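Q: Please take a close look at how the side chains pair up in this structure, charges and rings above all. Where does each partner sit, and how well is it covered?

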Amino acid sequence: MRKYLEESSNELVSVICNGCGKNLLVENGILKEGCFEGDAVFGYFSKKDGQIHSFDLCEECYDKIIESFAIPVKAEEINELL
């Protein structure tokens, strides 16, 4: 769950893991910890038509979830972090 200085502002104030409730480190509007940001937009043929779900997971909660997958995630190394 992300909180911003003002509703219309892009200045990040805090990020809380939706899984465990951990406060992730945010300094000067910059998230300084590994975090998975998820957004799901549900359309027709869903029981959640017209809903958008957003959440954040700390790295530990993300790891717990992907360990339960029947098909592992595709992981690859990148040379540059933007």
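A: **Charges and rings**

The charged end of Lys48 lies over the ring of Phe42, 5.3 Å from the ring centre. This is a predicted model, so each value here is computed from it.

Now the rings themselves. A pair of aromatic rings is described by the distance of the centres and the angle of the planes. The whole structure holds 3 aromatic pairs. One of them joins Tyr44 and Phe45: the ring centres are 6.5 Å apart and the planes stand at 65°, so this is an edge-to-face pair. The angle passes because edge-to-face requires over 60 degrees. Are these two residues buried or exposed? Tyr44 is exposed, at 74% relative accessible area. Phe45 is exposed as well, at 89%. Phe45 belongs to the loop between strand 6 and strand 7. Its backbone deserves a look too. Phi of Phe45 is near 70°, a positive value in a residue that is not glycine. Most residues other than glycine have a negative phi. Asn28 also has a positive phi, near 50°. Asn28 sits in the loop between strand 4 (26-27) and strand 5. With 78% relative accessibility, Asn28 is exposed. Back to rings: Phe36, Phe55 and Tyr62 make up one aromatic cluster.

Next, the charged pairs. Side chains of opposite charge can pair when their charged atoms come close. A search of the whole structure gives 6 salt bridges. Arg2 and Asp56 form one of them, with N to O at 2.8 Å. Arg2 is in strand 1 (residues 2-4) and Asp56 is in strand 7 (residues 52-58), so this bridge ties together parts 54 residues apart in sequence. Asp56 is buried, at 3%.

Glu33 lies in the loop between strand 5 (30-31) and strand 6 (35-41), and Lys22 lies in the loop between strand 2 and strand 3 (23-24), so the pair links parts 11 residues apart in sequence. Glu33 has 29% relative accessible area and is partly exposed. Lys22 is partly exposed too, at 30%.

Lys22 also pairs with Glu60, at 3.9 Å, N to O. That distance counts because the cut-off for a salt bridge is within 4 Å. Glu60 lies in helix 1 and Lys22 in the loop between strand 2 and strand 3, so this bridge ties parts 38 residues apart in sequence. Glu60 is partly exposed, with 46% relative accessibility. There is a network as well: salt bridges with shared partners join Arg2, Glu37 and Asp56.

Now the surroundings of these charges. What does Cys58 touch, leaving out residues up to four places away in sequence? Lys22 is among its contacts, along with Cys17, Cys20, Leu24 and Gly34. Cys58 is in strand 7, where Asp56 also sits. Cys58 is buried, with 1% relative accessible area. From Cys58 to Val15 is 43 residues along the chain, yet their C-alpha atoms are 9.3 Å apart.

Ser14 is in strand 2 (residues 12-16). Its relative accessibility is 17%. Ser14 counts as buried because the cut-off is under 20%.

Ile65, Phe69 and Val73 make a nonpolar surface patch of about 230 Å². Val73 lies in the segment after helix 1 (59-67). Val73 is partly exposed, at 34% relative accessibility. That value qualifies because patch residues need over 30% relative accessible area.

Lys48 sits over the ring of Phe42.

Key: Residues are numbered from 1 along each chain as its sequence is written. This is a predicted model: local features need pLDDT of at least 70, side-chain atom pairs count only at pLDDT 80 or more; totals for chains, interfaces and linings use all residues. Side-chain values use heavy atoms; hydrogens and water are left out. Patches are made of residues with over 30% relative accessible area and no salt bridge: like charges are joined within 9 Å, nonpolar side chains (Val, Leu, Ile, Met, Phe, Trp, Tyr) within 5 Å. Accessible areas come from the Shrake-Rupley method with a 1.4 Å probe; for residues, only the protein chains shown count as cover. A salt bridge is a side-chain nitrogen of Lys or Arg within 4 Å of a carboxyl oxygen of Asp or Glu. Helices (H or I, at least four residues) and strands (E, at least two) are DSSP runs, numbered from the N terminus. Buried means under 20% relative accessible area, exposed over 50%, partly exposed in between (1.4 Å probe, protein chains only). Rings of Phe, Tyr and Trp (its six-membered ring) pair if their centres lie within 6.5 Å; planes under 30 degrees apart count as stacked, over 60 as edge-to-face and the rest as tilted. A charge sits over a ring if NZ of Lys or CZ of Arg is within 6 Å of the ring centre and within 35 degrees of the ring normal. Contact means heavy atoms within 4.5 Å.
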